[in-house]
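Please look over the sequence and the 3D model before reading on. The briefing is meant to be read with both in view.

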Amino acid sequence: MTYLPRQIPAGCGCDDLTTSSSWISIDEAFRRISDHVLPSAPTETLPIQDVRGRVLAKPVCAQCDMPRFDHAAMDGYAVDSRAFAGDGPWLFPVAGRIAAGDAPNARYASSDACRIFTGAPLPVQYDCVIMQERAERLGNSIRFDERPEPGENVRRRGEAYQSGTEILPAGSLLTPRAIAACAAAGHGSVRVQSRVRVALIATGSEVATPGAQALESGQIWDVNTPMLQSLLSRPDVVLHDIMRVSDSLESIRDAVQSAAAYTDLVVTTGGVSVGDEDHLHNAVLSAGGEMIFAGVAIKPGKPITLGRIGKAIWLGLPGNPGSAFVTWSIFGEVVLNALSGRQETIPKRQHVLLGQDLSRKAGRCEIRAASIVGIDGYGRDVIEFKSGGNSGQVSHFAEADGLAFLPSELDHVPAGALVEFLPFCTN
């Protein structure tokens, strides 16, 4: 089925906030994160085989020219193109043989040819390589029917980059591809940011550890702790502590104050709304903390809060597991990326097409789990929703491919409309 695109305003529309002046937009939240969340100062030097998923603290520069010398780009015969006088064919004696790793110590005449293999250094007398498929071996001679061009099938010294060229800037995420670039530049070790120290605190007198015991009256399973433990399992993170505290101002204050003393990031779940049992804001303030923002115009996850306690950043996630997952995916990853020193902190979103008409209540940017169900006639992904996205549920996330952002100002989004989409990480 081919879907025709409809005109939809750029972005999710959260900047048009008419419902409450206290809620900020997603983009404003990102701006404040950028202004207030900086990488921790310590760095360390590690072997490149141990740095996958870490972040460069110092640029990686080439330690030599690459390639280091002129060499053959394929198997064939090294020749001097100036020796091809008159009309062909031409017959040259084969004067030598050079393989990768050999040093071209022998001197060759320009009127000779030299058998050469891919990666082998090109003798100074020669300026091109004729591929073996275009040559005919006749005993100790080689016949060529076509005149070669100077530089043909030769990789020149410094062609890729020269000594001192910056290969990777500070802030680069060290993926296997980036590690290969470090090795190619001659580095066996690199300087990386130290891992972000994190404490995870789950609030709520009603939560119980899954599988540990039967639920008592009024209790629910603790979904947020194992979910966030998994989300925090990154090479650039060390999870120092996991705590569960009851819904009291004093216990929460003591927990966040203690955690902030030895970590870079304190993540809490629950207690950031405005109910009588929501104590996080007052607990953080009484612990000497401050607010960077409190409330973003999204659904679910409106109470998401960012603050600071001493030198530590505090991220307050809502207690509903669906809201906690959504807000971590949008804001938690950005905070963690900023603390780890990544150059690119905001995960990239893409545009996809809605595969169904959708009616909703306008006013906030709504974020729903969506599945990619196909492509349209132009090769663009088409998504559909398997659930309405109750903020207390998470089962629908397991089958989804990512999060779709529905513009705040629209109460009806037609099939074929372009919307923003944040794919889930697959690892």
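What follows is a short tour of this structure, topic by topic.

The model is predicted. Helix H1 spans residues 26-36, and helix H3 spans residues 224-231. Strand E26 is largely enclosed by the rest of the structure, because 5 of its 5 residues are buried. The second largest pocket has a volume of about 480 Å³.

**Helix H1**

- Four residues of H1 are buried: Ile26, Ala29, Phe30 and Ile33.
- These four cover an arc of only 100° around the axis, so they sit on the same side of H1.
- The cover over the buried residues of H1 includes strands E18 (290-294), E19 (298-299) and E20 (305-309).
- Helix H6 (321-339), strand E24 (365-375) and strand E26 (402-406) are also included in that cover.

**Helix H3**

- In H3, the residues Asn224, Thr225, Met227 and Leu228 are buried.
- They cover an arc of only 165° around the axis, which means that they lie on the same side of H3.
- Several elements cover the buried residues of H3, including strand E13, strand E16 (237-245) and strand E17 (265-269).
- Strand E21 (312-317) and helix H6 are also included in the cover of H3.

- Strand E13 (196-203), strand E15 (220-221) and helix H6 each give at least two residues to the lining.
- Sorted by class, the lining holds 10 nonpolar, 13 polar and 7 charged residues.

**Strand pairing around E26**

- E26 is largely enclosed by the rest of the structure, because 5 of its 5 residues are buried.
- E24 pairs with E26 in the antiparallel sense, over 5 bridges.
- In this pairing, Glu366 stands opposite Leu406 in E26.
- E26 also pairs with strand E28 (residues 418-423), in the antiparallel sense and over 4 bridges.
- There, Gly402 stands opposite Pro423 in E28.

**Strand pairing around E25**

- Which way do E24 and E25 run, parallel or antiparallel? They run antiparallel, and 4 bridges join them.
- Gly374 has Val382 in E25 as its bridge partner.
- E24 and E25 form a hairpin with 5 residues between the strands.
- In this hairpin, Gly379 takes a positive phi near 80°.
- Strand E22 (residues 350-354) and strand E25 (residues 381-384) run parallel, joined by 2 bridges.
- Leu354 stands opposite Ile383 in E25.

**Leu353 in strand E22**

- Leu353 is found in E22.
- Is Leu353 buried or exposed? It is buried, with a relative accessible area of 0%.
- Leu353 and Ala109 are 244 residues apart in sequence. In space, their C-alpha atoms are 66 Å apart.

**Pro89 and its contacts**

- Pro89 sits in the loop between strand E4 (76-79) and strand E5 (90-98).
- The peptide bond from Gly88 to Pro89 is cis, with omega near 0°.
- Pro89 has a relative accessible area of 46%, so it counts as partly exposed.
- Leaving out residues up to four places away in sequence, Pro89 touches Arg143, Phe144 and Asp145.
- Pro89 and Asp145 are 56 residues apart along the chain, and their C-alpha atoms are separated by 4.4 Å.

**Pro67**

- The peptide bond from Met66 to Pro67 is cis, with omega near -5°.
- Pro67 lies in the loop between strand E2 (60-61) and strand E3 (71-72).

**Asn153**

- Asn153 lies in the loop between strand E9 (141-144) and strand E10 (154-155).
- Asn153 is not a glycine, yet it has a positive phi of about 60°.
- Why does Asn153 count as buried? Its relative accessibility is 18%, and buried means under 20%.

Technical notes
Residues numbered from 1 in each chain as written. Predicted model: local features only at pLDDT ≥ 70, side-chain atom pairs only at ≥ 80, totals over all residues. Heavy atoms only, no water. Buried < 20%, exposed > 50% of the residue type's maximum accessible area, 1.4 Å probe, protein only. Arc of directions from axis to C-beta. Contact = heavy atoms within 4.5 Å. 1 Å grid on protein atoms, 1.4 Å probe; cavity = no way out; pocket = protein on both sides within 12 Å on 5 of 7 lines; lining within 4 Å. Points joined across faces, edges and corners; volume = space filled by probe spheres on them. Nonpolar A, V, L, I, M, F, W, Y, C, P; charged D, E, K, R; others polar. Pairing = 2+ DSSP bridges.
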